[in-house]
Amino acid sequence: MSSITKKELEVLSSPTFQQIINHHLENPSRRSILKGSVGVAALGFLGLSGCGGGGDGAVASTPGATQLNAVGFSSTPLSIADSVQVAEGYQFQVLYKLGDPIASGVSEYMNDGSDAANNPSEFQFRSGDHHDGMYFFGLGADNTWDPEAGDRGLLVINHEAITELFLHANGPTSVAGVRDSNEALKEMYIHGVSVVEVRRGSDGQYSVVQNSAFNRRIHTLTDMEISGPLRGVAAMVTKYSTNGTRTRGTINNCASGYTPWGTYLTCEENWAGYFGNSNNTGRSENDQASMRRYGVRTSGNGREGWNTASEVGQVGEPFSRWNVGIVGATAADDYRNAAFTYGWNVEIDPFRPTTTPKKRTAMGRFAHEGAWVGPVEAGKPVVFYMGCDSRYEYIYKFVSTANWDPADMNGGLQSGDKYLDFGKLYVAKFDADFTGDWLDLATVANGTMITSVRGSGSLSTAAINYTVTDANEQFLNTRLLADIAGGTPMDRPEWGGVNPRNGEVYMTLTNNTSRRVADPANPRVYFDRDDDADGIGDSGSQGNVNGHVIRWKEDGSEPAATGFEWDIYLFGAEDDDINNPNVNLSGLTEENVLSSPDGLWFSEKTGVLYIQTDDGAFTDTTNCMLVAAVPGEVGDGETVTVDNTKAGGGTVSTRIGTVGTLRRLVVGPRDCEITGLTESPDGKALFINIQHPGEDTDDLNAPTSSWPYALAGGGFGNPAAGEMPNAGSRPRSATIVLTRTDGGVIGQ
């Protein structure tokens, strides 16, 4: 592998894994090198681009590859304008917006609240809201997954949540605390997932194929199958499925994942808040402990109030299932167990539109941010890395029982049954010597008891007893088992990514303003505003305000290993902390300062690491952004001591990596989150989601953003200059496509 210096890290340009497979088929002598590997984030483990896995030695480079400056552009300035700002030499198009039609005969979206007002199911044929995690599946001539195909593909997109104010004519309504049933149903259809076919034209621009047979919406009313170890168990029994084998819908789909066999994983994150509870009397002690640990209400209405809407004239009880109160004689007569049927990774086959999605219970139940596959090699287990996005939650790993067989590629949900329904579930423990352990949750003994159960996103406890009763508890109450096992509570584990050059794993820890005591893996406790000249700060928000990115290398570079080595790749910081050594540990400058890292994506084409932000601390200076980085490797930096004493967090030693080239590529419009990155296989297009622009609006006549609409007089708004958005234009979440103006590979 080419040498990597601390001053300027470089990556190698390499072919996509399908090109390598094709080369292998044409050159049988190379089979001993390939060993049957399939390169899902695994190019470095094919023995072709260095750091070979499975005992293979490293080689110089991929044949024919050229070294490149992986972020060969000037950094985009910070911006609070109501527009998308991109680096010089780049351009973008708006591809797929809230309400866009995905079926023939469906009209253009009016965007005034009138759409589907009396026919909520119309949103089965329109884009949902709050575009988030997504993946581009290349579509071959035979209509199956072709990872090398870039001109035609299936774009699968999560729709995490909604901005209610913009969805209805006058915002959401209720009478005496009861939600309007049509409005509630409309919101329920708008959540979920889109599968849309996209094609690239001769001009390099993509468009949605509105009448494609692949186009599909999965939402909160879609029938789902319970799969894996919890299929048919008592906790899955509801009035909807009295034998506990099915449930209805998926919700709060944040980040995502994809599988080596060509399916999509949509991950249920903040699902707990959607449930109301009219009666908790009679709940078992274990169930009460679970509700507290996961944040399910013991009284009151859910976050959207869907449980209050009337079911008169509706089929299939769309509203009562959001009430987990005990109102029937048995679990088969109500929805007391409905919350247990959420909190899963849901597998979707985008190539077979009639298939029923499956909730994969062997991968554990928590606030799933996403699921990222590790390097895949024939004859070895398939590994997925997962974060639980809440304060003081954990990082997990799932290791399949079955070993990978390349013949299962394009095997659909049947392959998912093989690899995702049986396996080991681990929680990460980060030790002070910069090593770590994967703790097997199956080793927690039956009869183990917790007498003080902590709440969701909190270290505070309540005197509730929880007892491990059987082996299935690790899947149903994963958080509680991780507490017992001794995982390291982290600062909101969000997106992950696997470096295709060496198999190292990165995960964002977005922030934690509740942290008061530091540890080596979460080493900062500080105030985000300085009131004096001592450079430490003593006011404002307290804790790990701006977040960081942690990374680890599995022992022996084996994804299924139970030990690892770790360091912290990057610490976020605001511009007024540039000269504060206890906050700006990564030495960020105006060129690359960022806060609250959230989304992650490693380019499979170039190896560039993209980091997206979802921030509320730095927004007085800039909107959220996308930065591009050249990653190094675990251990390439130094050990430092962080002084948190002024903020009450003590002193802690940690190991920080060297940050090479790091530049800002995109800045989004007002109030948005930048999220959901994926790319075309040739690396010439990045698909990026602009989520919830204008979400801080409280007056429909004065939205804080009108993106993607321009001002009435042309151009986009800059509030700092007194320019306000066009009052009649409601903002819309949307997917954009970023390209170079010269048609080249992104980042070079």
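The largest pocket of this predicted model has a volume of about 650 Å³. Pockets were located on a 1 Å grid over the protein atoms alone, a pocket being an open set of points where a 1.4 Å probe fits, with protein on both sides within 12 Å along at least five of seven lines, and lining residues having an atom within 4 Å of a point. Grid points were joined across faces, edges and corners, and a volume is the space filled by probe spheres set on the points. The lining of the largest pocket comprises 37 residues, and Glu-269, Asn-270, Asp-389, Ser-390 and Arg-492 lie nearest its centre. By class, this lining has nine nonpolar, 14 polar and 14 charged residues; Ala, Val, Leu, Ile, Met, Phe, Trp, Tyr, Cys and Pro count as nonpolar, Asp, Glu, Lys and Arg as charged, and the others, Gly among them, as polar.

Residues are numbered from 1 along each chain as its sequence is written. Local features of the predicted model need pLDDT of at least 70 and side-chain atom pairs count only at pLDDT 80 or more, whereas totals for chains, interfaces and linings use all residues; side-chain values use heavy atoms, with hydrogens and water left out.

The second largest pocket has a volume of about 270 Å³. Its lining is made up of 16 residues, with Ala-234, Ala-235, Asp-287, Glu-473 and Leu-476 nearest the centre. Six of the lining residues of the second largest pocket are nonpolar, seven polar and three charged. Helix 4 (285-294) and helix 6 (473-476) each supply at least two residues of this lining, and helix 4 gives the most, with three residues. Helices (H or I, at least four residues) and strands (E, at least two) are DSSP runs, numbered from the N terminus.

Asn-477 is located in the loop between helix 6 and helix 7 (478-485). Asn-477 is buried, at a relative accessible area of 3%; buried means under 20% relative accessible area, exposed over 50% and partly exposed in between, with a 1.4 Å probe and protein chains only. Neighbours within four places in sequence aside, Asn-477 is in contact with Ser-290, Tyr-294, Arg-365 and Tyr-466, where contact means heavy atoms within 4.5 Å.

An open sheet of six strands has mixed pairing and the order 13-12-17-16-15-14. Strand 13 (246-248) and strand 14 (253-258) are the edge strands, each with a single partner, so one side of each has no neighbour in the sheet. From one strand to the next the twist averages 35°. Two strands pair if DSSP finds at least two bridges between them. Strand 12 (residues 223-227) is paired with strand 13 in the antiparallel sense over three bridges, and Met-224 stands opposite Thr-247 in strand 13. Helix 5 (residues 412-420) lies across strand 12, strand 15 (264-268), strand 16 (345-348) and strand 17 (358-360), and runs at about 15° to strand 17. Axes are lines fitted to C-alpha atoms, for helices over the stretch in contact, and angles run from 0 to 180 degrees between N-to-C directions.

A further open sheet, of five strands, has antiparallel pairing and the order 3-40-37-36-35. At its edges stand strand 3 (85-86) and strand 35, each with a single partner strand, so one side of each is left without a neighbour in the sheet. Strand 36 (residues 609-613) and strand 37 (residues 625-629) run antiparallel and are joined by four bridges. Leu-609 has Ala-629 in strand 37 as its bridge partner.

Strand 21 (residues 395-403) pairs with strand 22 in the antiparallel sense over five bridges, and Lys-397 has Tyr-426 in strand 22 as its bridge partner. Strand 22 also pairs with strand 23 in the antiparallel sense over five bridges, with Val-427 bridged to Leu-439 in strand 23. Strand 22 and strand 23 form a hairpin with four residues between them, and Phe-434 in the turn has a positive phi of about 70°. Phe-434 is buried, with a relative accessible area of 12%.

Most residues other than glycine have a negative phi, and most peptide bonds are trans. Ser-596 has a positive phi near 60° and is found in the loop between strand 34 (563-571) and strand 35 (597-602). Ser-596 is buried, at 0% relative accessibility. The peptide bond from Trp-707 to Pro-708 is cis, with omega near 10°. Pro-708 is placed in the loop between strand 42 (686-691) and strand 43 (734-740).
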